[in-house]
Amino acid sequence: MQNNVLILDFGSQYTQLIARRVRELNIFCEIKPYNKVPEDMSSYKAVILSGSPFSVRSEDAPHPDLSKIKGKIPLLGVCYGAQYLAHFNGGKVEPSNTREYGRARLTNIKSDEPFFYGIIGGSQVWMSHSDTIQDLPENAVVLANTADVKNAAYRIDGEDTYAIQFHPEVYHTSQGKIILQNFLVHIAGLEQTWTPDAFVETTVSQLREKVGTDKVILGLSGGVDSTVAAVLLHKAIGKNLHCIFVNNGLLRKNEFQEVLDQYEDMGLNVKGVDASARFLDALAGESDPEGKRKIIGKVFIDVFDDEAHLVKDAKWLAQGTIYPDVIESVSVTGGPSATIKSHHNVGGLPDFMKLKVVEPLKMLFKDEVRRVGASMKISGDRLGRHPFPGPGLAIRILGDITREKVAILQEVDAIFIDGLREWGLYDKVWQAGAMLLPVNSVGVMGDERTYEKCVALRAVESTDGMTADWVDLPYEFLQKTSNEIINKVPGVNRVVYDISSKPPATIEWE
Ligand code: XMP
């Protein structure tokens, strides 16, 4: 890839945000840990140094050798990156004696400099640092300051080296994206050509080259990532892509048939495998959440392996891995992490795991996967689907799993989710579902005393599932949904709504 930006990660919580902002400018970029500067820098047209929780003055702080970069490739230091460039080039970085967190306003902006084209005086920026740059390197030119930070932005004379104390990547820096664009486009000369359409075109031709006329196997889950990966591969190699969609008996009501039909309508070469009985038999009597996950994982591998063997001479296994799964960032607590998340256990691999792996989405963030999907005309319904856990309803049935409990929960879940759609609430919620609780409670229906199950409804807003808050659904909606569930689903006489945030609760109950 020519037209590429390298982001060196010093462990800031915002490093991924820098990458997202750059990508939003339709410019491709990659994140690498600060101590893994690539030998060959020829494909990078610009480098950005991230922030860091460290102080440049501390011995164990990241101190990489930038001799291949500084003065040779356009370079932008952000926060720690800016302090690093000052500290190692004759400037002075010291603990700050004024508060430098949160909102600040840029003043004395050199708006005739390309770096600050279009930036207005008083523009809001976001600060988060405890050290400050007291003295700049000798050949530095100040480009802006704030009330508390005299060297808020500077450049090195005679080089395309720029540095800013604030964070252009965060939402609260109101003109941050323009500053990044100025640096990348006006100074580094990058082209803004990295669009979803361009991604599809280049990926399809790369896949054709890589895979040729080989057969590829892919496991579809109904989720966004595996669907987009399948459609991309199908564009590239057509019927040589063999998709397998397994029903583990723990999907939503009618989900297996509806999604299978959609996949067929998309022209995918897909085989639906109803292995419900295998999963539910294996789960009988298991109440422990991790035990359930292990059983489901193992049965899935067995079923998938059986099916994969039926595709004769397959050479490749395609996966819908995305960038946050493979990104190799710096871990603040344990130094640079050398581990890339592994999806599979290496001991005793089943045959399909010995296939060569192809991962067409592994450089994309989730929102980019959706945009690529949209550019290939995948329906908004499929792309906007709420996340659904691999073990499915098994981790929403507290305690042991029986076919009857699955059937009850499927009915409850369908009323809740259909209701969200009807009320126009589905897209306002990040994830929603129902939990079947292991408690019976007393109720009364007509003149009859009942002693039946309780279900909990959960709807959360989130961006990545790491933190989440419950959604304030309208009372009228909750009232109607609760009535409908109790009236229509035999065995349920009580509905509660979960108002816990994550943390301290989790999204799923198991
Ligand atoms: P928690 O419950 O940890 O869930 O707050 C965060 C997100 O992860 C999903 N989740 C899973 N997904 N296998 C999956 O594929 C699992 O075992 C699993 N457990 C939780 C959950 O649905 C939510 O989106």
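Predicted model: local features only at pLDDT ≥ 70, side-chain atom pairs only at ≥ 80, totals over all residues.
Visitor: What is the distance from an oxygen atom of the ligand to an N or O atom in the side chain of glutamate 508?
Guide: Glu508 is also part of the ligand's surroundings, as is Lys502. For lysine 502, a polar side-chain atom lies 2.7 Å from a ligand oxygen. For glutamate 508, the value is 2.5 Å.

Visitor: What share of the ligand's exposed area does the protein bury?
Guide: The shell by class has five nonpolar, four polar and three charged residues. Taken alone, the ligand exposes 490 Å². Of that, the protein buries 68%.

Visitor: Which residues does UniProt list for "active site"?
Guide: The entry is unreviewed.

Visitor: Why do they gather at one spot, and what is the limit on their C-alpha separation?
Guide: In sequence they span 91 residues. Yet every pair of C-alpha atoms stays within a limit, so they gather at one spot. No two are more than 11.1 Å apart.

Visitor: Is cysteine 79 buried or exposed?
Guide: Cysteine 79 sits in the loop between β4 and α2. Its contacts include His167 and Ser128. Buried means under 20% relative accessible area. Cysteine 79 has 5%, so it counts as buried.

Definitions and conventions. Residues numbered from 1 in each chain as written. Heavy atoms only, no water. Near = heavy atom within 4 Å. Polar contact = N/O pair within 3.5 Å; in protein donor to acceptor, adjacent residues only side chain to side chain. Areas by Shrake-Rupley, 256 points an atom, 1.4 Å probe, with all protein chains shown as cover. Nonpolar A, V, L, I, M, F, W, Y, C, P; charged D, E, K, R; others polar. UniProt positions renumbered as here; feature names shortened; annotations may be inferred. Helix = DSSP H or I, 4+ residues; strand = E, 2+ residues; numbered from the N terminus. Buried < 20%, exposed > 50% of the residue type's maximum accessible area, 1.4 Å probe, protein only. Contact = heavy atoms within 4.5 Å. Lists of a residue's contacts leave out its neighbours within four places in sequence.
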